[in-house]
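Thanks for coming, everyone. Let me put the model on the screen and walk through it.

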Amino acid sequence: MPSTLPEGDPVPADGSLPESAVAELADATLSFYLHVPFCRSRCGYCDFNTYTAAELGGGGSRQEWADTAIAELALAERVLSSTPAVSTVFVGGGTPTLLPPADLARVLAAIRERFGLAAHAEVTTESNPDTVTAQDLHEMRAAGFTRISFGMQSGDAEVLQILDREHTTGRAQQAVAEARAAGFESVSLDLIYGTPGESQESWARTLESALEAEPDHVSAYALIVEPGTRLAARMARGELPEPDDDDLADKYLLTEEVLSAAGFGWYEVSNWARTPADRCRHNLAYWRGGNWWGIGPGAHSHVGGVRFWNVKHPTAWAGRLAGGESPGYAQEVLDAETRRIERVLLELRLADGLPLGVLTDTERARLAGPVAEGLVTLQHERVVLTLRGRLLADGVVRDLLD
């Protein structure tokens, strides 16, 4: 959840959406994203909309987050009226597991009561390994959470220190075991490669230690140095080197080699799953242009071609809802061409590929270049990135759309 908000058109005070947007839900699925903006400390690389204060006041505190989130769910129910049962729920942050499990359970219960959960709905929470106990995991599983994603990031103590991560090496693996014992259906580990000082050997050890935990899913992201972060400031002062593109590429290739050898298959450029059933369905809804309502400060939503986002600060978010108004900061109504371009941007990142019919005649003619260069293949009327193409995915999209 980026800390800066784009500009857009005003959101109506009652949060209402165009009838055409709501109508699209009749033949589609609905997801909820819940943003918990609290962290015990801020990681040096993090540019997300997070706050370390336990008490922010005005309904924006940890203690009042659940009640305020339920108030926004009530708003969503009024705006969306008749909706399909919710297929996925994802609680992110921040650090959701800084909240008591009972608070997360209450919000999930409100979704179930107001909207209904589809059979076999995927319900995920993120967690830092050091902010959750075995008892917490049992309580969340009993409340209906089916999936958990732990922010492991690295298995190297020095790398964790540079990233300002507080958990110790080995804690992530222990947390995975505790989640298994609690009965979670799927467990994921998030990793970051390319941290200054991380060697190829260090990254290989991180991958091996992650696999030792026997997760169902692994996300591996290249380190991005965001302006305004503590890590960016350290690099500007010359204390740390900036990430090297060749090093990042080598580590991505190693990631694919190690994970595929362990039986994992990529399904999105930065995500691997042990089986198709272990893919994160919530994130797939994002990449496939699905409908979701984002609950929480700064949370983004997309319903029927309308994208809207909330005010950023927890106190402002809570204040709007307390006053009976939408917490929406701005919105954007997407035209058909913009939605088509977004399909190209997002679906080409998937292992399933982009349907050839989404491209214009001009764009299909441009495919000859990336095909000849070994960046994409055509499979069953779909454009699919090769391994080399995954390294250059942004460039492939740019060449197709230019």
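A word on terms before the tour: helices (H or I, at least four residues) and strands (E, at least two) are DSSP runs, numbered from the N terminus. This is a predicted model, where local features need pLDDT of at least 70, side-chain atom pairs count only at pLDDT 80 or more, and totals for chains, interfaces and linings use all residues. Residues are numbered from 1 along each chain as its sequence is written, and side-chain values use heavy atoms, with hydrogens and water left out.

Backbone first. Most residues other than glycine have a negative phi, and most peptide bonds are trans. Now look at D164. Its phi is positive, about 65°, although D164 is not a glycine. D164 sits in the loop between helix 5 (157–162) and helix 6 (171–182).

Find E381 in the loop between strand 14 (376–379) and strand 15 (382–385). E381 is exposed, at 60% relative accessible area.

One more backbone point. G93 and G94 are joined by a cis peptide bond, with omega about 15°. G94 belongs to the loop between strand 2 and helix 3.

Stay in that loop. L98 lies there too, between strand 2 (86–93) and helix 3 (101–114). L98 counts as buried, at 18% relative accessibility. What does L98 touch, leaving aside its neighbours within four places in sequence? F38, C39, R40, R62 and T131. Contact means heavy atoms within 4.5 Å. Take F38: L98 and F38 are 60 residues apart in sequence, yet 7.2 Å apart in space, C-alpha to C-alpha.

On to helix packing. Two packed helices are described by the angle between their axes and the distance between the axes. Here the pair is helix 2 (residues 62–80) and helix 3, whose axes come within 9 Å and cross at roughly 10°. Helix 2 contributes R62, W65, A66, D67, A69, I70, L73, A74 and E77 to the contact, and helix 3 contributes D103, L104, R106, V107, A110, I111 and R114. Axes are lines fitted to C-alpha atoms, for helices over the stretch in contact, and angles run from 0 to 180 degrees between N-to-C directions. Helix 2 and helix 3 are therefore roughly parallel to each other. For the labels, angles under 35 degrees count as roughly parallel, over 145 as roughly antiparallel, 65 to 115 as roughly perpendicular, and the rest as oblique.

Now charges. Side chains of opposite charge can pair when their charged atoms come close. How many salt bridges does the structure hold? There are 23. A salt bridge here is a side-chain nitrogen of Lys or Arg within 4 Å of a carboxyl oxygen of Asp or Glu.

I'll show three. R106 and D103 form a salt bridge at 3.7 Å, N to O. Both lie in helix 3, 3 residues apart, about one turn of the helix. R106 is partly exposed at 34%, whereas D103 is buried at 12%.

Next, E239 and R234, which meet at 3.1 Å, N to O. E239 is partly exposed, with 43% relative accessibility. R234 is partly exposed as well, at 25%.

Then E347 and R343, at 2.7 Å, N to O. These two are 4 residues apart in helix 12 (residues 336–347), so about one helical turn separates them. E347 counts as buried, at 7% relative accessibility, while R343 is partly exposed at 34%.

Last stop, a buried serine. S326 is in the loop between helix 11 (314–322) and strand 12 (328–333). Its relative accessible area is 7%, so S326 is buried. Leaving aside neighbours within four places in sequence, S326 is in contact with V11, P12, A13, D14, G15, L75 and R320.

That's the tour. Questions, please.

Key. Buried means under 20% relative accessible area, exposed over 50%, partly exposed in between (1.4 Å probe, protein chains only).
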